[in-house]
Amino acid sequence: CTGLQLLDLSDNGLEKLSVNSSEWQQVCASFNGNQTLTSLNLNNNKLGPVGTRIAAKALRGCTGLTRLGFSYNEPGVEPALADLVRTHPALVSIELVEALDRHLPSRAKDDIGRALVDNKARARSRRPEP
């Protein structure tokens, strides 16, 4: 879908796909390489660490993505999420809220916070225009 800019997949029970990782990988493959998608909402799908890893790796190739909703997906300490935040060329906003600390432990919050600081796209978006 070459003109797709906004996609809301929140509250879709995607955890059922992430149980069989090959099915979730097929869905995520459609994000990888997409250049037009700028806003993706994956909130409230309880993807867990494995589903988070698959999504985060695929979204690294979704180069136009600037906003990501990823709350209530129970990522745990999966490092792929922090890697996505750190290396994505355009991502400037991520919504990341969890109901329980065990779903996003302090270690993961620290890693994501450091990744936000390291993200070059976010730094460019805050820079004033000359």
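Predicted model: local features only at pLDDT ≥ 70, side-chain atom pairs only at ≥ 80, totals over all residues.
Trainee: Which are the buried residues of helix 5?

Mentor: The cut-off for calling a residue buried is a relative accessible area under 20%. Within helix 5, which runs over residues 106–118, the buried residues are Ala108, Ile112 and Ala115.

Trainee: Within what arc do the buried residues of helix 5 fall, seen down its axis?

Mentor: The buried residues of helix 5 are Ala108, Ile112 and Ala115. They line one face of the helix, because, when one looks down its axis, they fall within an arc of 60 degrees.

Trainee: What reach does helix 5 have from its first C-alpha to its last?

Mentor: Helix 5 has 13 residues, and at 1.5 Å a residue the expected reach is 18 Å. The model comes close to that expectation, since from the first C-alpha to the last helix 5 reaches 18 Å.

Trainee: What do the buried residues of helix 4 pack against?

Mentor: Helix 4, made of residues 79–87, is included in what covers the buried residues of helix 5. The buried residues of helix 4 itself are Ala80, Leu81, Ala82, Leu84 and Val85. These pack against helix 3, strand 3, strand 4 and helix 5.

Trainee: Which residue caps the N-terminal end of helix 4?

Mentor: To find the cap, look at the backbone nitrogen of Ala80, which has a side-chain oxygen lying 3.1 Å from it. That oxygen belongs to the capping residue, Glu78.

Trainee: Is His103 buried or exposed?

Mentor: His103 sits in the loop between strand 4 and helix 5, and, leaving aside its neighbours within four places in sequence, it is in contact with Glu74, Pro75, Gly76 and Glu98. Its relative accessibility is 14%, and the cut-off is under 20%, so His103 counts as buried.

Trainee: What radius of gyration does the protein have?

Mentor: A compact globule with 130 residues would have a radius of gyration near 14 Å. The protein agrees with that expectation, because its own radius of gyration is 14 Å.

Note on methods
Residues numbered from 1 in each chain as written. Heavy atoms only, no water. Helix = DSSP H or I, 4+ residues; strand = E, 2+ residues; numbered from the N terminus. Expected span 1.5 Å × (residues − 1). Buried < 20%, exposed > 50% of the residue type's maximum accessible area, 1.4 Å probe, protein only. Arc of directions from axis to C-beta. Contact = heavy atoms within 4.5 Å. Polar contact = N/O pair within 3.5 Å; in protein donor to acceptor, adjacent residues only side chain to side chain. Rg over C-alpha atoms; globule rule 2.2 N^0.38 Å.
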